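The sequence and structure come first.

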Amino acid sequence: MEEIILVKNGELALKGLNRSGFEDVLIKNLKRRLRAFGEFEYKKSQSTIMIIPVGDCDMDKASDAVGKVFGIAAYTRSASVEKNMDVILESAPDYLKDILEEAETFKVNAKRSDKAFPYKSPEISALLGGKLLEKFRHLSVDVHSPDVTVTVEIRDEKAFIHADQIKGAGGMPVGTGGKAALLISGGIDSPVAGYMMAKRGITLTAIHFASPPFTSVQAEEKVHALLRQVAKYSGHIHLITVGFTEIQQEIRRKCPEPLFTLIMRRFMMRIADRLAQADNCAALITGESVGQVASQTIYALGCTDAVTTLPVFRPLIGMDKDEIISVSRKIETFDISIQPFEDCCTVFTPKHPRTRPNVKMLEEAETALDVEGLIGSALENIKILEIEA
């Protein structure tokens with residue numbers, strides 16, 4: 001008896017003739033994420049990917065990592081056995097012992113894609129159900145709401161025995177949706193935005209703005225920690241950190257205080273737009289939500305978008321803070337985000353920011369600045385870091 005991991009494709013089943021290409025990207029992502037836990041062989045079969053260990057592998061860690069790979073609807077560890085009813089009846093109680101000893105009720109679900117197998121699905125369910133009742137006398141059958149559903153899949157090559165499937169991360173395999181640049185601060189919102197767009201198959205580049213000495217080394221390290229957590233789902237992230245101190249000081253010296261944050265955001269978007277295009281990104285991603293702060297009114301968002309050429313994705317735009325926090329807890333970024341190291345978005349915050357600005361107002365304020373010179377200086381002051389989970 002061999003233990004493998006069975007992966008059920010989600011939306012990929014809807015891709016028709018293109019499905020194979022999406023599955024190939026998913027397998028590539030699985031190989032990258034599981035390589036630290038041993039050597040595995042990957043086989044595609046009937047909307048399922050089989051992950052087969054070769055030699056000594058850490059199946060616990062591998063299974064946990066599979067649960068964070070986008071493009072997977074469900075997965076389960078499974079016994080792979082000979083397609084023989086006697087072997088199935090002998091193997092199932094041993095393989096499922098720990099799970100069934102903790103349960104009170106169960107049912108058996110049989111799936112027979114190999115129609116040449118001599119037992120039909122109801123017969124398989126009845127025979128295995130009887131065997132499990134014989135072995136685990138505390139169990140009773142509940143076909144409506146069992147504690148455990150035991151599944152036997154009879155496929156062309158093997159029989160597979162497993163308990164309930166675990167829900168996967170869903171979405172599309174990263175790398176099938178193009179590439180976009182995430183503007184990441186150290187707050188709660190932007191890591192969630194990155195996670196949500198990666199779930200739609202987008203490869204992430206991250207852009208962070210630092211303003212030493214107003215922001216600390218710890219603030220940058222906090223961003224690194226956040227991205228490592230996001231990378232558990234998205235895979236590798238290319239991080240570009242931009243020195244932003246000079247720009248913020250110039251804005252403070254020469255621009256009206258109520259417009260500080262908006263002008264700062266417009267500079268961020270200009271710089272991010274150029275860096276994104278240089279890195280072959282097709283869009284920008286931000287963590288903004290309408291009305292959450294003064295710089296996130298629909299008027300303010302229109303003013304910041306006016307300086308970009310790439311489309312701007314805002315996956316949190318209609319979410320409230322509780323909803324965003326719920327996702328941040330799920331992906332385990334919340335506790336990192338609330339560490340007390342301020343990012344440059346909190347530097348020189350105006351007491352009374354404009355909430356209904358217009359583009360003309362901001363363009364007039366920016367005439368006091370050497371916009372292109374400041375952008376050029378910032379682009380010469382960048383740091384690159386490759387982030388892995």
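## Helix α8 and R252

R252 is part of helix α8, which runs over residues 245–254. The model is predicted, and the positions below should be read as such. Leaving out residues up to four places away in sequence, R252 touches F260 and F348.

A92 is 160 residues away from R252 along the chain, and the C-alpha atoms of the two are separated by 70 Å. For scale, the C-alpha trace of the protein spans about 85 × 35 × 35 Å along its principal axes.

## Packing of α9 and α13

Helix α9 covers residues 260–278 and helix α13 covers residues 359–366. Their axes come within 11 Å and cross at roughly 85°. Because angles of 65 to 115 degrees count as roughly perpendicular, α9 is classed as roughly perpendicular to α13.

Which residues form this contact between α9 and α13? On the α9 side they are L262, I263, R266 and R270. On the α13 side they are V359, L362, E363, A365 and E366.

G302 is partly exposed, at a relative accessible area of 36%.

## Helix α3 and V87

V87 sits in helix α3, residues 85–95. Its relative accessible area is 23%, so V87 is partly exposed, given that buried means under 20%. Apart from neighbours within four places in sequence, V87 is in contact with V81 and E82.

The C-alpha atoms of V87 and M1 are separated by 9.2 Å. Along the chain, V87 and M1 are 86 residues apart.

## Backbone exceptions

Most residues other than glycine have a negative phi, and most peptide bonds are trans.

P212 and P213 are joined by a cis peptide bond, with omega about 5°. P213 is found in the loop between β11 (203–210) and α7 (217–234).

N280 is not a glycine, yet has a positive phi of about 60°. The loop that holds N280 runs between α9 and β13 (284–285). Is N280 buried or exposed? N280 is exposed, with a relative accessible area of 64%. E332, also not a glycine, has a positive phi of about 65°. E332 is found in the loop between α11 (321–330) and α12 (334–337), and is exposed at a relative accessible area of 51%.

## Whole-chain totals

The secondary structure of the protein comprises 14 helices and 15 strands. Of the 389 residues, 53% are buried. Among contacts with a separation of 6 or more, 79% are between residues 24 or more positions apart.

The accessible surface comes to about 17800 Å². Carbon and sulfur atoms account for 49% of that surface. The protein has 48 positive and 53 negative side chains. How far apart do the centres of the two sets of side chains lie? The distance between these centres is 4 Å.

Key. Residues are numbered from 1 along each chain as its sequence is written. This is a predicted model: local features need pLDDT of at least 70, side-chain atom pairs count only at pLDDT 80 or more; totals for chains, interfaces and linings use all residues. Side-chain values use heavy atoms; hydrogens and water are left out. Helices (H or I, at least four residues) and strands (E, at least two) are DSSP runs, numbered from the N terminus. Buried means under 20% relative accessible area, exposed over 50%, partly exposed in between (1.4 Å probe, protein chains only). Contact means heavy atoms within 4.5 Å. Accessible areas come from the Shrake-Rupley method with a 1.4 Å probe; for residues, only the protein chains shown count as cover. Lys and Arg count as positive and Asp and Glu as negative; His and the chain ends are not counted. The place of a charge is taken as NZ of Lys, CZ of Arg, CG of Asp or CD of Glu. Axes are lines fitted to C-alpha atoms, for helices over the stretch in contact, and angles run from 0 to 180 degrees between N-to-C directions. Angles under 35 degrees count as roughly parallel, over 145 as roughly antiparallel, 65 to 115 as roughly perpendicular and the rest as oblique.
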